[in-house]
Amino acid sequence: MAGPVHSILAEVRRLNARVVATGRSFGAAFSTVLVGTWSPRGAMFEVVPRDMRTTDPTRADEIMQGYFALAGRMVDLDGRELFAITPPTDAFARELHSFDWLRHLRAVNGYNTDPSRSAAAAAQARSYILNWIATRSTHPGLVSTPQIAACRALNLTNHAAFLLDSADPPTYRAIMTAIIGDIRFAFTHRSLVNDPTDCCKLVLACVSVAHALVEHIGVKTKTLEALAGALADAIHRDGGPVTRRLGDLPTLLAQMLSLRALLETRGMAVPVRLTQTIDASMRMLRMVRHRDGSVARFHGTRSLARLESDLISSILTYDTERGHLPVFARNTGYTRLEAAQSVVLVDCAGPPKGTASREAHAAALAFEWSHGNERIISNAVEIGQPVGTDIFQQRQTGAQSTLCVQGLSSASFQGTQDDAELLAGGLQVTLAKAETGADRNLSGRHTGYRAKFGVDHERSLSLQDDGRALSGRDRLLLPTDKVATGGRNAFTLNFHLQPGLRAKQTDARTVHIATRQCLILFEANAGSITLINQADRLGYRGPRHAYQIVVTSEAALPADISWRFVVERTVDTSKQPTAQEAVA
């Protein structure tokens with residue numbers, strides 16, 4: 001009898017132990033959710049991610065004197081609290097609340113040997129942050145987004161040593177609570193972010209902040225689990241952004257490189273997908289750069305105004321390959337021709353899908369050309385440059401360096417607002433490349449005008465081996481591959497010169513272009529050429545000339561025009577007159 005009783009008691013004890021263990025597991029999980037995962041209690045940083053962007057001590061001086069220059073506008077606090085002002089524009093408000101400008105205040109540490117000035121800069125930075133914390137319930141909805149919350153948390157984390165080393169305990173706790181609160185809000189609301197690049201930057205920021213913390217294992221696990229999906233959604237396998245906005249590459253790469261360095265410093269495993277994406281995106285960045293170091297302007301609405309060439313230079317110092325340069329990104333849809341001093345970059349795909357197309361251009365087979373260290377032909381040159389530009393107008397085909405039929409775009413816009421989605425419809429692009437003899441050749445064809453006019457646009461480009469001649473041929477072809485006639489298929493070829501260049505039309509078929517380094521001849525074998533002087537356009541860097549060469553087809557002739565740019569001579573810039581003066 002004792003045996004069965006003993007067995008029953010033993011089983012009861014095992015069940016009791018299992019219940020207790022299960023209860024402890026649930027309790028630990030519950031505690032992690034309430035305390036360990038998102039609680040700021042005991043939060044501290046061990047190693048913080050590096051901010052790879054450049055700093056400007058002059059901007060730091062302005063900020064310390066109460067002058068804030070953000071998004072092209074200047075505000076004088078004039079004794080007011082920073083977050084009591086009314087931002088002049090929405091863009092100003094977003095930059096203000098993201099705390100991107102903190103890096104300039106931190107620059108005081110690096111450029112000033114006076115410890116009292118560095119302490120004053122840190123104290124002023126803390127006062128701005130505390131003012132933001134005290135007034136956060138009154139902040140407008142446009143700055144209360146997950147994207148801005150993630151950006152703010154990352155900026156505060158990047159500069160945590162500068163901000164918190166000499167902070168008193170209440171200030172320390174308040175700032176740490178704000179950081180944890182921001183990444184919690186951003187991460188749990190990331191599904192509200194439609195743009196894949198913004199969502200990826202949000203997740204990268206959350207992972208970086210989480211892995212800078214000493215504890216908070218739950219935060220590390222949750223955010224890292226979301227990283228692979230965010231990278232896959234935002235970046236193609238060839239390293240290009242899904243949005244096709246090349247301006248997204250530097251900021252994405254800077255965050256990815258910073259996160260990888262943080263993980264390596266802390267002795268943590270670097271996810272394979274992160275390493276693969278960095279390598280692919282590094283190759284893509286090298287591929288889409290011109291010789292002056294800047295990236296092409298395709299699909300770069302607004303973002304390219306904030307590109308920093310020194311950020312790109314900093315990123316490329318991490319490029320360990322430096323081998324053969326890619327010339328075709330099939331997934332992202334760009335190709336490159338290069339010879340001697342010339343680089344040609346071509347958009348050889350339609351717009352991205354869904355919400356990713358809200359800043360895309362109808363730019364199938366548009367190209368950019370640079371010679372030496374100067375851009376000659378740009379695409380949508382006004383995007384992000386002049387103040388008050390009509391963004392919607394500049395997204396249409398007529399604003400791109402490509403062919404436009406009857407003033408209509410090769411893709412369709414869903415709506416008429418600046419951020420209208422761009423629909424490819426039946427647009428398909430085919431491409432063929434070859435190197436024959438002394439030339440680099442490319443031939444592309446797209447169907448964007450087939451439904452509207454029953455024709456396809458074919459563009460052939462040929463870059464001479466010495467880089468001094470770029471030839472092209474544009475045709476409208478019927479589905480039978482015969483050349484269409486004029487009439488309802490009347491078209492224009494648009495070539496947007498880089499702002500700041502000078503141009504002069506010498507006859508009906510010839511235009512001379514002057515850069516700081518060379519004189520260039522443009523000519524076409526058919527059509528009528530018009531040189532449009534868009535006069536002085538107000539930009540962030542002041543007024544600059546912006547010329548456009550427009551070649552219009554003739555209704556009675558086949559829709560077939562050949563053209564070329566030829567570098568006639570290089571100018572010694574140390575002598576007078578300059579090339580621009582010679583043309584003027």
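**Close-up views of the predicted model**

**View A. Cys 151 is partly exposed, because its relative accessible area comes out at 25%.** The classes here are buried (under 20%), exposed (over 50%) and partly exposed (in between), with a 1.4 Å probe and protein chains only. Cys 348, at 8%, is buried. Disulfides (cysteine sulfur pairs within 2.5 Å) number 0 in this structure. What you're looking at is a predicted model, where local features need pLDDT of at least 70 and side-chain atom pairs pLDDT 80 or more, while totals for chains, interfaces and linings use all residues. Numbering runs from 1 along each chain as its sequence is written, and side-chain values use heavy atoms, with hydrogens and water left out.

**View B. Arg 244 sits in the loop between helix H10 (217-234) and helix H11 (248-265).** Helices are DSSP runs of H or I, at least four residues, numbered from the N terminus. Beyond its neighbours within four places in sequence, Arg 244 is in contact (heavy atoms within 4.5 Å) with residues including Phe 298, His 299, Asp 347, Cys 348 and Pro 352.

**View C. His 236 also belongs to the loop between H10 and H11.** His 236 is partly exposed, with a relative accessible area of 25%. Leaving out neighbours within four places in sequence, it is in contact with Pro 241, Val 242, Asn 331 and Thr 332. Ala 280 is 44 residues away in sequence, and its C-alpha is 8.8 Å from that of His 236.

**View D. The second largest pocket has a volume of about 310 Å³.** Of its 16 lining residues, the closest to the centre are Ala 349, Gly 350, Pro 351, Pro 352 and Lys 353. A pocket is an open set of points on a 1 Å grid, with protein on both sides within 12 Å along at least five of seven lines; lining residues have an atom within 4 Å of a point. Volume is the space filled by probe spheres set on the points. The lining splits into 9 nonpolar, 5 polar and 2 charged residues, with Gly counted as polar and Ala, Cys and Pro among the nonpolar ones.

Key:
Helices (H or I, at least four residues) and strands (E, at least two) are DSSP runs, numbered from the N terminus. On a 1 Å grid over the protein atoms alone, a cavity is a set of points where a 1.4 Å probe fits but cannot get out, and a pocket is an open set with protein on both sides within 12 Å along at least five of seven lines; lining residues have an atom within 4 Å of a point.
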